[in-house]
Amino acid sequence: MAETAKIIFDGQEFEYPVFTGSEGEKAIDISKLRGQTGLITLDPGYKNTGATKSAITFLDGENGILRYRGYSIEDLAEKADFLGVAYLLIYGELPNKEQYDNFVGGITRHTLVNEDMRKIFDGFPVNAHPMGVMSSLVSAMCGFYPELFDKSKEENIDHHIVRLMAKLPTLATWCYKKSQGHPINYPQNKLDYCSNFLHMMFALPVEDYHVDPVVASALNKLLILHADHEQNCSTSTVRLVGSSQANLYSSISAGISALWGPLHGGANQEVIEMLEAIKADGGNVKKYIDMAKDKNSNFRLMGFGHRVYKNFDPRARIIKKAADDVLEKLGVNDPILDIARGLEEAALKDDYFVSRKLYPNVDFYSGIIYRALGIPVNMFTVMFAIGRLPGWIAQWLELRNEGQAIGRPRQIYTGHTAREFVPIENR
Ligand code: CMC
């Protein structure tokens, strides 16, 4: 017999179906609750609200498990390449050779960006934050593809997916080049996705640039680790915007804006800035641990804690090891790595962090690798966005294919009750 949950309210009993997911997670389907009882549920921050069913990513925060379409993050980070993982997320299965070649070939052929986009880009001041620029440019992209708004050409969605995957790294490197006062580099289609990105970032017209395979492989791993994370803030934003049937570019642009915040993707930049500040302050780790625990200070240990991981973040484990490998292979001796290790060690022994289940998250060590790869701090969240793009696309597509209703939460009003208008001379 199907499971149900009962709610007793105002002396009456109401019964609601319990939905069970493929990994045994359970949810009460309350879609009829308001109609039957007049009640809504109140859950600020959506800490306990399932906004959708989804077959893309499984996350078990208590046991530190993350899987894309059933494949463990550990396996994918070790054995797959980023575009193969992107295909898996977006289309549901690992690609066979032909599917992979078509997908990668399409992305490779679309890396050039319309030259008119440069005029928009040129209008930004040199010190504009790249996340704001990226969000604006992705939003502007829909102006270049009017067929997007032609209902008879809906099958073209695969082209838009390819375009976004292809062009986002190109746009990202524009931001960096401008900040350096260097000419932008055009994509090199003979290079793979990560190598092409590194070439556009770091090559200069005056000398040869060879992509270091250690750097390309580390980047590939980082992008895979960031590729999806079920219904986080930016993904939920993409889905909410997409639920109004807004186009893919506008929905992704909104996701980039959501990711920018320091409590979400912006944390990787904040981690490095925090570690630098601790270093400049003499490396006194204890002082910062104490500050993070002090409820009168609004300082938080950036890169620590997670809304859903309450044991460990499996991505952080992979990244910590990758950071050690990459720094050793590149011969980089970064003193902030020692500060990071010291902070982690001290926090993991401290009752404040242990009792609140606060562990290093994906962003604690990712900034250290990005820095070793030569990526500047204000580009860290852009790197997160490049990695997260296939996840956003997959979630947007799932919502669209399932024809989900427009997202429209309710509220409990706590303002004034009805009152008379007061003319300005009487206020
Ligand atoms: N430093 C100090 N105290 C913390 C921290 C921290 N980093 N994170 C949480 N706490 C405390 C918080 O003060 C609260 O204490 P109390 O119960 O005494 O009031 C308790 O732990 C629970 O925190 P919360 O804010 O209710 O937890 P949340 O689930 O709403 O927040 C979080 C999750 C990630 C926003 C938060 O842990 C945080 O601000 N971390 C630092 C920012 C960060 O690293 N963000 C990156 C997240 S991973 C990348 C991504 O997926 O976006």
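In S3, Lys26 is the bridge partner of Thr20. This pairing belongs to a predicted model. Strand S3 covers residues 26-28 and runs antiparallel to S2, with three bridges joining the two. S2 and S3 form a hairpin, and five residues lie between them. Gly24 sits in that turn and has a positive phi of about 85°.

S2 also pairs with S1. Strand S1 spans residues 4-9, and strand S2 spans residues 12-20. The two pair in the antiparallel sense over six bridges. S1 and S2 form a hairpin with two residues between them. In the turn, Asp10 has a positive phi of about 55°.

Strand S4 holds residues 57-60 and pairs with S5 in the antiparallel sense. Four bridges make up this pairing. Thr57 stands opposite Tyr68 in S5. The hairpin of S4 and S5 has four residues between the strands, and Gly64 takes a positive phi near 65° there.

S5 then meets strand S6, residues 71-72. Two bridges join them, and the strands run antiparallel. Arg67 has Ser72 as its bridge partner in S6. Two residues lie between the strands of this hairpin, where Arg69 takes a positive phi near 50°.

## The two faces of S5

Which side chains of S5 are buried? Along this strand, residues 65-68, the side chains alternate. Leu66 and Tyr68 point to one face and are buried.

## Ser251 in helix H11

Helix H11 covers residues 248-260 and contains Ser251. Is Ser251 buried or exposed? Its relative accessible area is 0%, so Ser251 is buried. Leaving aside residues up to four places away in sequence, Ser251 touches Val238, Val241, Gly242, Ala246 and Trp396.

## Around the ligand

The ligand is surrounded by 21 residues. The closest are His264, Arg300, Leu301, Gly303 and Arg307. By class, this shell has nine nonpolar, six polar and six charged residues.

An N or O atom in the side chain of Lys295 is 3.0 Å from an oxygen atom of the ligand. A polar backbone atom of Leu263 is 3.3 Å from a ligand nitrogen atom. On its own, the ligand has 940 Å² of accessible area, and the protein covers 79% of that.

How values were computed
Residues are numbered from 1 along each chain as its sequence is written. This is a predicted model: local features need pLDDT of at least 70, side-chain atom pairs count only at pLDDT 80 or more; totals for chains, interfaces and linings use all residues. Side-chain values use heavy atoms; hydrogens and water are left out. Two strands pair if DSSP finds at least two bridges between them. Buried means under 20% relative accessible area, exposed over 50%, partly exposed in between (1.4 Å probe, protein chains only). Contact means heavy atoms within 4.5 Å. A residue is near a molecule or strand if one of its heavy atoms lies within 4 Å of it. A polar contact is a pair of N or O atoms within 3.5 Å; within protein, one must be able to donate a hydrogen and the other to accept it, and residues adjacent in sequence count only if both atoms are side-chain atoms. Accessible areas come from the Shrake-Rupley method with a 1.4 Å probe; for residues, only the protein chains shown count as cover. Ala, Val, Leu, Ile, Met, Phe, Trp, Tyr, Cys and Pro count as nonpolar, Asp, Glu, Lys and Arg as charged, and the others, Gly among them, as polar.
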